[in-house]
Amino acid sequence: MRLAGSCHCGRIAYEVEVGDGITEVYDCNCSMCRRRGGLLWFAPRSALVLKTAEADLATYRFNREHLAHHHCTVCGIAPFSEGTNPKTGEATVAVNVRCLPEVDLAGLKIVPVDGASF
């Protein structure tokens, strides 16, 4: 199954392959995630196809700079981040499922992650 996602204004738009769907997401308490309120779902980077110009992505890195947190310069929404899986070395994407309108947030299992301790 493929879902469409975007920032609020649509300047950053993408599609992501979610297999049979998204059932579990992560609620991280790091200084970034706590402030922006995203719910994250991880997949191989190859699952995400950017539908808009890569030049429209603004990127912020902090702490150990393992993730490239992308956001829109117009509306400020952060629809996804990119990084590398530390266990496998695979390119990974962390999709903010709040930016996927077709996902029923009430039906998700939310797993707390203590990112503040990393």
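Predicted model: local features only at pLDDT ≥ 70, side-chain atom pairs only at ≥ 80, totals over all residues.
User: Nice. Where does histidine 69 lie?

Analyst: Histidine 69 is part of strand β7, which covers residues 68-72.

User: And is histidine 69 buried or exposed?

Analyst: Histidine 69 is buried, because its relative accessibility is 6% and the cut-off for buried is under 20%.

User: So what is histidine 69 in contact with, leaving aside neighbours within four places in sequence?

Analyst: Besides Ser81, the list has Met32, Arg36, Ala58, Thr59, Tyr60, Phe62 and Phe80.

User: Switching to pockets, what volume does the largest pocket have?

Analyst: The volume of the largest pocket is about 860 Å³. Its lining has 26 residues, and the closest to the centre are Phe42, His66, Leu67, Gly115 and Phe118.

User: Which elements give two or more residues to that lining?

Analyst: Those are β3 (24-28), α1 (31-36), β4 (40-44) and β8 (80-84).

User: How does the lining of the largest pocket split by class?

Analyst: Twelve of the lining residues are nonpolar, ten are polar and four are charged.

User: You mentioned β8. What does glycine 83 touch, not counting residues up to four places away in sequence?

Analyst: Glycine 83, which sits in strand β8, touches His66, Leu67, Glu90, Ala91 and Thr92. With a relative accessible area of 14%, glycine 83 is buried.

User: How far apart are the C-alpha atoms of glycine 83 and phenylalanine 118?

Analyst: They are separated by 15 Å, with the two residues 35 apart along the chain.

User: Now the nonpolar side. How many residues does the largest nonpolar core have?

Analyst: The largest nonpolar core has 23 residues, and Tyr14, Val16, Ile22, Trp41, Val95, Val97 and Leu100 have the most contacts inside it. Strands β2 (13-17), β4 and β9 (91-96) each give two or more residues to this core. There is also a second, separate core of seven residues, including Cys33, Leu40, Phe62 and Ala94.

User: Is aspartate 56 buried or exposed, then?

Analyst: Aspartate 56 counts as buried because its relative accessible area is 19%, and buried means under 20%.

User: And which side chain does aspartate 56 make a polar contact with?

Analyst: The partner is arginine 11, with a side-chain to side-chain polar contact of 3.2 Å. Not counting residues up to four places away in sequence, aspartate 56 also touches Ile12 and His71.

Note on methods: Residues numbered from 1 in each chain as written. Heavy atoms only, no water. 1 Å grid on protein atoms, 1.4 Å probe; cavity = no way out; pocket = protein on both sides within 12 Å on 5 of 7 lines; lining within 4 Å. Points joined across faces, edges and corners; volume = space filled by probe spheres on them. Helix = DSSP H or I, 4+ residues; strand = E, 2+ residues; numbered from the N terminus. Nonpolar A, V, L, I, M, F, W, Y, C, P; charged D, E, K, R; others polar. Buried < 20%, exposed > 50% of the residue type's maximum accessible area, 1.4 Å probe, protein only. Contact = heavy atoms within 4.5 Å. Core = buried A, V, L, I, M, F, W, Y, C linked by side-chain atoms within 4.5 Å. Polar contact = N/O pair within 3.5 Å; in protein donor to acceptor, adjacent residues only side chain to side chain.
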